[in-house]
Amino acid sequence: MEKIIQNGTIVTATDTYKADILIQDGKIAAIGKGFDPGEAEVIDASGKFIFPGGVDPHTHLEMPFGGTVSKDDFETGTIAAAFGGTTTLIDFCLTNKGEPLQSAIDTWHAKSKDKAVIDYSFHLMIGEINQEVLSQLPDVIQQEGITSFKVFMAYKNVFQADDETLFRTLVAARELGALVMVHAENGDVIEYLTEKALEEGKTEPIYHALTRPPELEGEATGRAAKLTGLADSQLYVVHVSCSEAVEQISAARSKGLNVWGETCPQYLVLDQTYLERPNFEGAKYVWSPPLREKWHQDVLWNALKSGQLQTLGSDQCSFDFQGQKDLGKEDFTKIPNGGPIIEDRVSILFSEGVEKGRISLNQFVDIMSTRSAKLFGLYPQKGTVAVGSDADIVIFDPEAERVISAATHHMAADYNPFEGMKIKGEPVSVLSRGEYVIKDKKFVGKKGTGKYIKRAKYGNLLVNEESAALQSSKS
Ligand code: URP
Ligand code: ZN
Ligand code: ZN
Ligand code: ZN
């Protein structure tokens with residue numbers, strides 16, 4: 001059915017204006033005034049902002065890690081994402097050495113296909129590079145539309161790849177038109193520091209942070225940036241947590257390199273002291289890179305404001321406190337890394353960023369949606385409110401207030417790291433391709449309606465046939 005959203009204030013990465021939106025066949029068919037309602041459902045958005053649906057560039061749903069599997073899957077994870085105003089996510093498809101890439105991708109399709117309630121795509125982990133792997137990459141891009149490759153510089157003996165692998169991936173990505181993503185921490189030195197800590201009987205959660213100091217994130221970030229320059233390639237650094245890494249990204253960018261950086265809500269509002277909480281509570285805040293000293297938060301906010309960092313990912317990778325995090329009760333290295341963040345990503349950016357005057361409203365949209373859509377080949381089908389784009393829309397009440405709590409969140413995990421935090425601003429209704437997923441703060445979507453999105457190559461636009469036809473019929 002057609003829908004008309006009336007009387008709202010449309011906010012994109014560049015503009016803020018009052019206009020109505022006509023939605024037909026899941027697309028934004030027109031933006032203007034005085035549409036004849038006819039049979040259409042009319043939605044009154046007086047006093048509300050109309051944002052493009054959020055794009056979360058970094059999630060780990062139902063991901064095996066540390067002898068367990070992350071709690072939120074493509075059903076609970078995408079429902080929670082939708083409640084929070086996210087309508088597209090890109091999840092990391094893990095690969096195993098020696099296994100055909102396609103079989104790893106098929107595993108991820110099987111996890112997501114009948115479960116997702118919003119649209120999604122995959123990044124592909126590269127753990128090794130040889131002729132065998134290289135020969136499969138063109139198909140990964142052409143057949144699957146997977147145009148971003150992830151290399152882990154940490155998690156030694158698990159996911160970590162060496163510099164040769166990273167460099168070969170950068171070279172291949174330049175040739176194929178893909179974006180290389182790195183988890184930038186020096187895994188070799190972390191291995192030494194963690195062994196030493198355990199030998200000294202230091203087993204509590206805080207040692208997770210103390211054995212992964214910011215110098216090691218800065219060093220790996222700088223190394224990856226330099227290799228990117230040498231390969232004349234393109235790099236996206238995930239989950240930037242500290243000043244040392246921001247410095248390296250800024251330095252590379254000032255030399256004209258194609259180096260981009262993402263941070264996450266947890267690094268913007270939480271700090272290392274959380275890992276010292278008694279009764280093993282610190283484990284709730286164990287992820288990598290770790291939380292830092294509080295002063296890093298200002299550096300990250302300023303980097304978002306100045307454009308040295310461009311995006312916000314959730315790094316959603318949730319584990320229950322009871323039964324999963326406690327695998328590491330006697331040894332912090334056995335605490336599964338990650339947290340439930342997907343639902344509050346957009347709200348925290350709005351409440352702490354826009355409401356507190358740290359970033360502008362248009363920057364907020366760019367950071368939570370548009371820039372990720374552009375970098376990862378989803379734009380303009382996703383990431384903006386424009387004629388021809390998918391009608392992925394958030395109707396947002398800037399005056400609403402709530403308190404974050406595990407008692408009311410929609411994620412499967414049994415705790416929320418932002419418990420008790422006061423939030424201003426909240427999505428009221430969320431549309432995915434013109435259909436309600438959230439209506440008046442209630443879930444009305446259906447599992448399995450989320451579509452897998454094949455993305456464009458790095459630097460290219462994603463314009464599918466229907467929207468191309470729509471755009472040419474309007475011009
Ligand atoms: O601790 C984290 N971040 N867990 C998810 C995996 C990763 O490194 O992104
Ligand atoms: Zn497929
Ligand atoms: Zn990571
Ligand atoms: Zn991650």
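**Exercise 1. Find which residues surround ligand 1, and sort them by class.**

Start with the shell: a residue is near the ligand if its C-beta atom, placed from the backbone, lies within 6 Å of it. That picks out His 60, His 183, His 239, Trp 287, Ser 288, Asp 315, Cys 317, Asn 337 and Gly 338.

Next, the classes. Ala, Val, Leu, Ile, Met, Phe, Trp, Tyr, Cys and Pro count as nonpolar, Asp, Glu, Lys and Arg as charged, and the others, Gly among them, as polar. On that scheme the shell has 2 nonpolar, 6 polar and 1 charged residues.

Before going on, some housekeeping: this is a predicted model, where local features need pLDDT of at least 70, side-chain atom pairs count only at pLDDT 80 or more, and totals for chains, interfaces and linings use all residues. Residues are numbered from 1 along each chain as its sequence is written, while chains are lettered from A and ligands numbered from 1 in the order in which they are written.

**Exercise 2. Work out the strand order of the open sheet of 8 strands, and say which strands stand at its edges.**

Strands (E, at least two residues) and helices (H or I, at least four) are DSSP runs, numbered from the N terminus. Two strands pair if DSSP finds at least two bridges between them.

Step one: the order is 8-11-12-13-14-15-16-17, with parallel pairing. Step two: strand 8 and strand 17 are the edges; each has a single partner strand, so one side of each lacks a neighbour in the sheet.

Step three, check some pairs:
- Strand 11 and strand 12 (residues 119–125) are parallel over 6 bridges, and Asp 91 has Phe 122 of strand 12 as its bridge partner.
- Strand 14 (residues 179–183) and strand 15 run parallel over 3 bridges, with Val 180 opposite Leu 235.
- Strand 15 and strand 16 (residues 258–263) are parallel over 4 bridges; here Tyr 236 stands opposite Trp 260.

**Exercise 3. Stay with strand 15 (residues 234–237): which residues point which way, and are they buried or exposed?**

A residue is buried if 20 or more other C-beta atoms lie within 10 Å of its own, exposed if 12 or fewer, and partly exposed in between. Gln 234 and Tyr 236 point one way, Leu 235 and Val 237 the other, and all are buried.

Now look for a helix. Helix 7 (residues 214–231) lies across strand 14, strand 15 and strand 16, at about 165° to strand 15. Axes are lines fitted to C-alpha atoms, for helices over the stretch in contact, and angles run from 0 to 180 degrees between N-to-C directions.

Then the core. A nonpolar core is a set of buried Ala, Val, Leu, Ile, Met, Phe, Trp, Tyr and Cys residues joined through C-beta atoms within 7 Å. The largest one has 137 residues, and Ile 50, Val 180, Val 182, Ala 224 and Val 237 have the most contacts inside it.

**Exercise 4. Decide how covered helix 11 (residues 345–354) is, and what its buried residues pack against.**

Count first: 9 of its 10 residues are buried. Among them are Phe 350, Gly 353 and Val 354. For packing, two residues are in contact if their C-beta atoms, placed from the backbone, lie within 7 Å. The buried residues pack against strand 8 (54–59), strand 11 (86–93), helix 9 (265–269), strand 17 (311–312), helix 12 (361–375) and strand 19 (422–432).
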